[in-house]
Amino acid sequence: MTNQNVLVADTNSGLNMAITVHAANSSIFTTAAQKPPAAPGGYVSISRKKLLKNLEINGGARVNAWVDSMRASSPTHIKSTPSVNEDQSSWILHHPSALEMFEQIIDASKGKQIVMFLDYDGTLSPIVDDPDRAFMSKQMRATVRKLARFFPTAIVSGRCRDKVYKFVRLAELYYAGSHGMDIQGPAKGSKYKKGSGGVVFQAASEFLPMIDEVYEELVEKTKTTPGAKVENNKFCLSVHYRCVDEKKWSGLAQVVKSVLKEYPKLRLTQGRKVLEIRPTVKWDKGKALEFLLESLGFANCTDVFPVYIGDDRTDEDAFKVLRERGQGFGILVSKIPKDTSASYSLQEPTQVMDFLQRLVEWKRLAFQGCKE
């Protein structure tokens, strides 16, 4: 039995996590990993995905993979060191501020129809301990209302569509809830609305009874974990652990995984201090973006410019779609470097509002100039 220090790179959150693996043999460290790029502190660098896959095979390794992943999703575990600061500077060069690059972004969009896609939590509202109190500011709501006057605008969230609508309260928007599995078009007030009833799409209706069943079971079984909150987002479930003592994370992860063993048609993923339970359907925020563009009549257009702003790893599916299409761009909202397919970055919701306000003002002036 030997101990090996490992620097685990989380490709989704962009965090590096140092752990000690107690392994019965060295098979977990492949030949490719034996001569990695230099890492601080004499650690062996190995991808988080490869490590977790090998840990499943090497059962003797005493690492709770899910707990390590849960820790990695928390910015509170990042320490400011010269190497981290250097990494952040390098990251900013590749993902510059959308505010600082605003003029270049506008130049790229000229002659094209901008279509806006916005995540909710951490993008339009701050991340808070109680997910039921993730309210957007009045100023942000007013900004999004003005935005929708000039551009087709959609909210794409992991939340239940009805719940995110109650937060935003703007009938002129498109709403894609449950990570895009529940989509509805504007109820009123949008010149981009198609048809009399707007877009209505649900990707996983047959899973609703199963999801409700799992929800009831998780609510009951997580009662012994103080701070845990199970949220029913209709087509998916969220188990929030932001208010759970870190010492209890392992037990909570085991409870969730034990429940899901009986439901092979559901899969477990992770966001920012939340475990997500979703149907095993090939649908995500990227698919929702493509569906909405098609519904708006922009499926095969070269003169469309989609802009997607989000802060979570689930938003990466949308960022990737934009890169593959070669149209528009993604903006990641994050104060720390993360591996992302987004082209630009903003640090927090207040910067998102600043960017949207500049976009509205630019369009207003352009529209005014056309009338004159």
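## Helix packing and selected residues in a predicted model

In helix 7, the residues V214, E217, L218 and K221 meet V255, V256, V259 and L260 of helix 8. Sorted by class, the residues of this contact comprise 6 nonpolar and 2 charged ones, with no polar residue among them.

Helix 7 covers residues 208–221 and helix 8 covers residues 249–260, and their axes come within 10 Å of each other while crossing at roughly 150°. Because angles over 145 degrees count as roughly antiparallel, helix 7 is roughly antiparallel to helix 8. The crossing in which helix 7 passes helix 8 is right-handed.

One residue of this contact can be followed further. V256 is found in helix 8, and with a relative accessible area of 0% it is buried. If its neighbours within four places in sequence are left aside, V256 is in contact with L218, V239, L268, L275 and I277. The C-alpha atoms of V256 and E217 are separated by 9.6 Å, although these two residues stand 39 residues apart along the chain.

### The protein as a whole

The protein contains 11 helices and 15 strands. Of its 372 residues, 51% are buried.

### Helix 9, helix 10 and their surroundings

How do helix 9 and helix 10 pack, and at what angle? Their axes are 6 Å apart, and the angle between the two helices is about 55°. Helix 9 and helix 10 are therefore oblique to each other. On the side of helix 9 the contact is made by K285, G286, L289, E290 and L293, and on the side of helix 10 by D317, A318, V321, L322 and R325. By class, this contact of helix 9 with helix 10 holds 5 nonpolar residues, 1 polar residue and 4 charged residues.

Helix 10 runs over residues 316–325, and its buried residues include E316, A318, F319, V321 and L322. The buried residues of helix 10 pack against helix 9 (285–295), and also against strand 13 (304–310) and strand 14 (329–333). Just after helix 10 comes G326, which takes a positive phi of about 70°.

### Helix 5

Helix 5 has 13 residues, numbered 138–150, and reaches 19 Å from its first C-alpha to its last, which is close to the 18 Å expected at 1.5 Å a residue. Buried in helix 5 are M140, R141, T143, V144, L147, A148 and F150.

### Residues in loops, and one in a helix

Which residue has a positive phi of about 55° although it is not a glycine? That residue is S178, and its place is in the loop between strand 6 (174–177) and strand 7 (182–184). S178 is buried, with a relative accessible area of 0%.

K234 is a residue other than glycine whose phi is positive, with a value near 70°. K234 lies in the loop between strand 9 (229–232) and strand 10 (237–240), and at 28% relative accessibility K234 counts as partly exposed.

R272 is found in the loop between strand 11 (266–271) and strand 12 (274–279), and its relative accessibility of 26% makes it partly exposed. Apart from its neighbours within four places in sequence, R272 is in contact with I127, R242, D311, D312 and K338.

S89, by contrast in its setting, has its place in helix 3, which covers residues 82–94. With a relative accessible area of 47%, S89 is partly exposed.

The table sets out pairs of residues with their separation along the chain and the distance between their C-alpha atoms.

| Pair | Separation along the chain | C-alpha distance |
|---|---|---|
| V256 and E217 | 39 residues | 9.6 Å |
| R272 and D311 | 39 residues | 9.0 Å |
| S89 and P337 | 248 residues | 8.9 Å |

For R272, the partner in the table, D311, is also one of the residues with which R272 is in contact.

Key. Residues are numbered from 1 along each chain as its sequence is written. This is a predicted model: local features need pLDDT of at least 70, side-chain atom pairs count only at pLDDT 80 or more; totals for chains, interfaces and linings use all residues. Side-chain values use heavy atoms; hydrogens and water are left out. Helices (H or I, at least four residues) and strands (E, at least two) are DSSP runs, numbered from the N terminus. The expected span of a helix is 1.5 Å times one less than its number of residues. Buried means under 20% relative accessible area, exposed over 50%, partly exposed in between (1.4 Å probe, protein chains only). Axes are lines fitted to C-alpha atoms, for helices over the stretch in contact, and angles run from 0 to 180 degrees between N-to-C directions. Angles under 35 degrees count as roughly parallel, over 145 as roughly antiparallel, 65 to 115 as roughly perpendicular and the rest as oblique. A crossing is left-handed if the near helix is turned anticlockwise from the far one by less than a right angle, and right-handed if clockwise. Contact means heavy atoms within 4.5 Å. Ala, Val, Leu, Ile, Met, Phe, Trp, Tyr, Cys and Pro count as nonpolar, Asp, Glu, Lys and Arg as charged, and the others, Gly among them, as polar.
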